[in-house]
Amino acid sequence: MNNAAVWVPVPAVFYWGWLVPIFFGTGFGWRYHRDKVRLGNGIWFSLFFYSFLTMLAVTILGSNIHWLIIVSGTLFVLLLLLIGLIFALQAFLLLWNAWIMWRHESHTLANMLTLYLGLAILILPFIGNRVSQYVPQPVSNFMAIFPNLVILYVGFWFYNYLTMLAIYQFNWPRLRQDYIIVLGAGLLDGNRVSPLLGQRIMRGLRFYQKQQRKTQHPAIMIFSGGQGGDETVPEGQAMLDYAIAHGLPASAGWAETKSKTTLQNMQFSKQLIDQGPIKQPRTIFVTNNYHTLRAGMFAKQAGLKADGIGARTARFFLPDAILREYIAIFVRNKWWHALAVMGLLIMSLLLVWFDAYYAG
């Protein structure tokens, strides 16, 4: 008796499935080239990515290379276990991050988002289950359907946002830039550059120095930030002084000192650029990595053709910062999301009504 494993070949027609990831990949590439900050691009990338993985699995199974099938299958199972473990422990991971934030950052509402989210994941299901025991069955069904649909909706766009944020980190602008805009982030004690802001300045300065070293193409660094109520000097001026102290030639830096928001950073920096001698300037902006995607949206809104590069951020700070950025982007499209949630509400009521109607 032959104990060899039985191999069932994959029909040749299945390999035409490679046209699916090719289609979605091409669509994503075209859309991303036209507009790097469009969140809808994330849907195209996800369709490409998961169809690619599906066809890769089909091709590996069809190869009949036993060691490759075993290794790939093992890696896939381990990945699923890792995702499941993270999902199961998400509340505790968020609370752990909140504890680290509590130790290292000020105890503001914005810095405690991981704490509130972690507590919500732990407490709200328990409260929902308890309340559902004391309300009529239709209300209980509604409480089970509508909140979960909303969570799925918000989670879908959060995943889409994370996808585009991760992809945006792979911007590698050419070393031929005419302007490098560095966005402000507030000063310490009214006049000192904070470590976070210092990371932005040094990221832009390293790009400037690398460009000078490799291409000798001249560039102007624009440090953008106005003076807050608790600041004794404008952010832009403090940033410029910081950059000069770290090696930037004084003639290669401008201070934009009127802006109060990221949108104004882009608008007022564009005004300075438009007053310069270059008619079609090549421009990039510098901010922290978690902020690049939303800053790119503001650049687009201001009519500034510029891609962003990100400075590194402390890892413990990233979860809370990413949540803040997502909330801000979500609110930018609040009316569309409100319409979607209204649709989910109507759908939930219809499902409850159908269930009650057929049960009766």
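Let me start with contacts: in the protein chain, among those between residues at least 6 apart in sequence, 74% join residues at least 24 apart. Keep in mind that this is a predicted model.

Now the overall picture. The protein chain has twelve helices and seven strands. Its C-alpha trace spans about 80 × 60 × 35 Å along the principal axes. There are 360 residues, and 36% of them count as buried. The chain exposes about 21700 Å², with carbon and sulfur atoms supplying 69% of that area. On charges, I count 28 positive and 14 negative side chains, and the centres of the two sets lie 9 Å apart.

Which residues of the largest nonpolar core touch the most other members? That core has 34 residues, and the ones in question are Tyr161, Ile181, Met266, Phe285, Leu293 and Leu304. Seven elements each supply at least two residues of this core: helix H1 (19-34), H6, strand E1 (179-183), E4, helix H9 (262-274), H10 and H11. Apart from this core lies another one, of 22 residues, including Ile180, Val182, Leu240 and Ile309.

Take Ile181 from the 34-residue core. Leaving aside residues up to four places away in sequence, Ile181 touches Ile222, Ser224, Ser269, Ile273, Thr283, Ile284, Phe285, Val286 and Leu304.

H11 has 15 residues and reaches 21 Å between its first and last C-alpha, close to the 21 Å expected at 1.5 Å a residue. Buried in H11 are Asp320, Ala321, Ile322, Leu323, Glu325, Tyr326 and Ile329. Note that the list includes Asp320 and Glu325.

H6 itself covers residues 137-168, and Pro138 lies in it. Pro138 has 40% relative accessibility and so counts as partly exposed. In sequence, Pro138 and Asp355 are 217 residues apart, yet in space their C-alpha atoms are 8.3 Å apart.

Now some loops. Leu175 lies in the loop between H6 and E1. Is Leu175 buried or exposed? Its relative accessibility is 18%, under the 20% cut-off, so Leu175 counts as buried. Not counting residues up to four places away in sequence, Leu175 touches Phe207, Lys210, Gln211, Lys214, Thr215 and His217. With Phe207 the separation is 32 residues in sequence and 7.9 Å in space, C-alpha to C-alpha.

The loop between E6 and H10 holds Asn289. Asn289 is also buried, because its relative accessibility is 17% and the limit is 20%. Beyond residues up to four places away in sequence, its contacts are Leu165, Gln169, Gly310, Ala311, Arg312, Thr313 and Leu318.

Last, the backbone. Most residues other than glycine have a negative phi. Where does Asn64 sit? Asn64 is in the loop between helix H2 (41-63) and helix H3 (66-88), and it has a positive phi of about 60 degrees although it is not a glycine. With a relative accessible area of 30%, Asn64 is partly exposed. Gln216 also has a positive phi, near 60 degrees. Gln216 is in the loop between helix H7 (195-215) and strand E4 (220-224). At 56% relative accessibility, over the 50% limit, Gln216 counts as exposed.

How values were computed
Residues numbered from 1 in each chain as written. Predicted model: local features only at pLDDT ≥ 70, side-chain atom pairs only at ≥ 80, totals over all residues. Heavy atoms only, no water. Helix = DSSP H or I, 4+ residues; strand = E, 2+ residues; numbered from the N terminus. Buried < 20%, exposed > 50% of the residue type's maximum accessible area, 1.4 Å probe, protein only. Contact = heavy atoms within 4.5 Å. Areas by Shrake-Rupley, 256 points an atom, 1.4 Å probe, with all protein chains shown as cover. Lys, Arg positive; Asp, Glu negative; His and termini not counted. Charge placed at Lys NZ, Arg CZ, Asp CG, Glu CD. Expected span 1.5 Å × (residues − 1). Core = buried A, V, L, I, M, F, W, Y, C linked by side-chain atoms within 4.5 Å.
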